[in-house]
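We will go from charged pairs to a pair of packed helices.

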Amino acid sequence: MSSSSAAPGRGDRAGKTTMRDALVAAAFRLFLERGYEQTTVDDIVALAGVGRRSFFRYFPSKEDVVFPDHERCLADMTAFLAAGADDDEPVRRVCDAARLVLRMYAENPAFSVQRYRLTKRVPGLRAYELSVVWRYERALAEYLRGRFAGRRDGILRADVIAAAVVAAHNNALRSWLRSDGRDDAEAAVDHALGHVQAAFGAAPAPPAGEGPEDVVVVVARRGAPLWRVVQELESVRGRG
């Protein structure tokens with residue numbers, strides 16, 4: 001796995017490497033060769049062939065170069081939630097929003113796996129990642145709070161569901177990363193989020209023209225033969 005594959009930017013998909021992508025690629029090359037703590041911003045800009053000012057134009061800190069697409073993804077998620085219709089089922093909507101994060105990781109599996117391994121080794125990056133995850137959770141919770149406004153325990157329900165969505169998504173995501181990006185990420189996340197929807201989502205409406213199933217109760221004397229019970233059941237069904 002070459003270190004040059006680390007840059008995840010959109011420019012790569014268009015066949016053109018941007019300065020931002022070059023900085024990410026240079027950073028990860030040095031992180032892999034020297035270690036994260038031993039690499040400075042000056043080292044990164046020297047390898048990328050740009051100045052410090054160019055680095056800080058794209059990344060406020062060295063930690064941010066490890067998570068270069070999260071700001072874009074958070075903005076996309078927030079816009080997706082804001083664009084939802086009033087009749088959207090809210091739990092399904094936040095689950096779909098979480099899938100945007102998965103797609104960001106799946107766009108470049110090699111980079112995502114490299115970052116996962118690096119983050120596991122550096123406590124400061126794990127703490128930074130937790131702060132990023134919290135921002136995603138807050139975005140989901142704010143949407144749900146708006147949808148559950150006026151309901152009893154609406155804020156509590158919103159916060160619990162947002163936390164459940166993030167936990168389910170991250171469980172599946174980490175499983176995919178541990179497979180070095182070889183497993184089916186979408187299937188894993190769909191399965192995990194399915195538990196959230198089953199626990200908190202609205203039950204699907206029955207098909208048009210179908211109502212709830214009838215329940216038939218038959219009362220029989222103790223010791224009545226089975227054929228008599230069946231006969232009575234058929235008689236009741238025939239009257240329906």
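A salt bridge here is a side-chain nitrogen of Lys or Arg within 4 Å of a carboxyl oxygen of Asp or Glu. Keep in mind that this model is predicted.

Start by selecting Arg182 and Asp180. They form a salt bridge, with the closest N and O atoms 3.6 Å apart. Arg182 counts as exposed, at 67% relative accessibility, whereas Asp180 is partly exposed at 32%. Elsewhere, shared partners in salt bridges tie Arg20, Asp69, Arg72, Asp76 and Glu107 into one network.

Asp69 is buried, with a relative accessible area of 6%, and Arg72 is partly exposed at 22%.

Next, select Arg99 and Asp190. The closest N and O atoms of this salt bridge are 2.8 Å apart. The pair links distant parts of the chain, as Arg99 sits in helix H7 and Asp190 in helix H11, 91 residues apart. In total, the structure holds 15 salt bridges.

How far apart are the axes of H10 and H11? They lie 8 Å apart, and the helices pack at an angle of about 155°. H10 is therefore roughly antiparallel to H11.

Now show the side chains where they touch. Residues of H10 including Val160, Ala164 and Trp176 meet residues of H11, among them Ala188, Leu193 and Phe200. The contact is made up of 14 nonpolar residues, one polar and one charged.

Definitions and conventions:
Residues are numbered from 1 along each chain as its sequence is written. This is a predicted model: local features need pLDDT of at least 70, side-chain atom pairs count only at pLDDT 80 or more; totals for chains, interfaces and linings use all residues. Side-chain values use heavy atoms; hydrogens and water are left out. Axes are lines fitted to C-alpha atoms, for helices over the stretch in contact, and angles run from 0 to 180 degrees between N-to-C directions. Helices (H or I, at least four residues) and strands (E, at least two) are DSSP runs, numbered from the N terminus. Angles under 35 degrees count as roughly parallel, over 145 as roughly antiparallel, 65 to 115 as roughly perpendicular and the rest as oblique. Contact means heavy atoms within 4.5 Å. Ala, Val, Leu, Ile, Met, Phe, Trp, Tyr, Cys and Pro count as nonpolar, Asp, Glu, Lys and Arg as charged, and the others, Gly among them, as polar. Buried means under 20% relative accessible area, exposed over 50%, partly exposed in between (1.4 Å probe, protein chains only).
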